[in-house]
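The sequence and structure are shown first.

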Amino acid sequence: MYHTVLLDADNTLFDFDKAEDFSLRRALDFFRLSYREEDLSFYKEQNSFLWKQLEKGLISFKELQATRFHPLLQRLQVSVDPSLFNQRYLDYLGNSHFLMPDALTVCRSLSQITTLVIVTNGISRVQRNRLRLSSLSPYISSCFVSEEIGYSKPQKEFFSIVFQTLGIEQLSDVLMVGDSLSSDIQGGSSAGIDCCWYCPQGGISPIPCRYQISSLKELIPIVSS
């Protein structure tokens with residue numbers, strides 16, 4: 001049995017796609033900006049690229065937050081300050097705690113037999129507030145956020161700090177669960193722990209991992225066996 005389960009937050013426990021769409025629309029409405037569906041898609045592509053750059057250590061959190069809305073606002077041909085827009089967006093995002101299917105049921109069940117820890121790349125005030133407001137909070141023992149740690153998944157330093165803080169010595173007791181091949185599975189694999197790729201849409205992982213699931217409920221027998 002795994003004594004510690006490291007769980008990614010976005011699109012593993014929390015429905016980030018839904019939260020992102022909700023928060024972006026609210027921020028645009030707040031500034032009374034007209035937009036089209038293709039404008040939202042444009043932003044999401046730009047933002048995803050910047051987060052990949054962050055994972056690789058090529059940009060900082062400050063750079064990401066300062067620049068990610070600039071292309072969208074340019075596209076909309078408005079003079080709104082990108083930093084102010086980003087702050088308003090983060091306010092909405094921090095209050096958006098939509099859950100993935102079965103996340104609550106699985107966390108409630110697993111918390112009876114193992115230690116559940118969130119490990120997430122993200123902005124601290126957003127991730128911690130979402131967890132605090134969510135029904136998952138009673139079942140999560142710890143939360144590690146890359147902005148606070150100073151390293152991002154998949155960097156080994158991120159996982160080393162997690163292991164050291166939790167007092168983990170036997171890596172065979174730890175399981176990493178997440179939807180991202182580049183940050184969760186690659187990171188966990190490089191850190192020397194077993195990994196479980198959560199992929200609701202199916203597919204074959206190009207990165208070796210011990211488990212692959214399409215439903216979070218499949219995690220229960222993996223952890224308890």
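Helix α9 (residues 156–166) lies across β1 (4–7), β2, β3 and β4 (174–178), where contact means heavy atoms within 4.5 Å. Its direction is at about 155° to β3; axes are lines fitted to C-alpha atoms, for helices over the stretch in contact, and angles run from 0 to 180 degrees between N-to-C directions. The model is predicted, and local features need pLDDT of at least 70, side-chain atom pairs count only at pLDDT 80 or more, while totals for chains, interfaces and linings use all residues. Residues are numbered from 1 along each chain as its sequence is written, and side-chain values use heavy atoms, with hydrogens and water left out.

The strands belong to an open sheet of six, in the order β3-β2-β1-β4-β5-β6, with parallel pairing. Two strands pair if DSSP finds at least two bridges between them. At the edges stand β3 (142–145) and β6 (211–213), each of which pairs on one side only. From one strand to the next, the twist averages 20°. Four bridges join β2 (residues 115–120) to β3 in the parallel sense, and Thr120 stands opposite Val145 in β3.

Over the whole chain there are 11 helices and six strands; helices (H or I, at least four residues) and strands (E, at least two) are DSSP runs, numbered from the N terminus. The radius of gyration is 18 Å, close to the 17 Å that the globule rule gives for 225 residues, so the chain is as compact as a globular protein of that length. That radius is taken over C-alpha atoms, and the globule rule is 2.2 Å times the number of residues to the power 0.38. Along the principal axes, the C-alpha atoms fill a box of roughly 55 × 35 × 30 Å.

Grid points are joined across faces, edges and corners, and a volume is the space filled by probe spheres set on the points. The count comes to one cavity of 30 Å³ or more. In the table, Ala, Val, Leu, Ile, Met, Phe, Trp, Tyr, Cys and Pro count as nonpolar, Asp, Glu, Lys and Arg as charged, and the others, Gly among them, as polar.

| Space | Volume | Lining residues by class |
|---|---|---|
| Largest pocket | about 650 Å³ | seven nonpolar, nine polar, 12 charged |
| Largest cavity | about 30 Å³ | five nonpolar, two polar, one charged |

The largest pocket has a volume of about 650 Å³. Of the 28 residues that line this pocket, Asp10, Asn11, Phe16, Trp51 and Glu55 are the closest to its centre. Helix α2 supplies the largest share of the pocket lining, six residues. The largest cavity is lined by Ala9, Phe14, Ile118, Thr120, Gln127, Arg130, Leu131 and Cys143. Helix α7 gives the most to the cavity lining, with three residues.

Two backbone features remain. Most residues other than glycine have a negative phi, and most peptide bonds are trans. Asn11, in the loop between β1 and α1, has a positive phi near 65°. A cis peptide bond, with omega about 15°, joins Lys153 and Pro154. Pro154 is placed in the loop between α8 (146–149) and α9.

Definitions and conventions: On a 1 Å grid over the protein atoms alone, a cavity is a set of points where a 1.4 Å probe fits but cannot get out, and a pocket is an open set with protein on both sides within 12 Å along at least five of seven lines; lining residues have an atom within 4 Å of a point.
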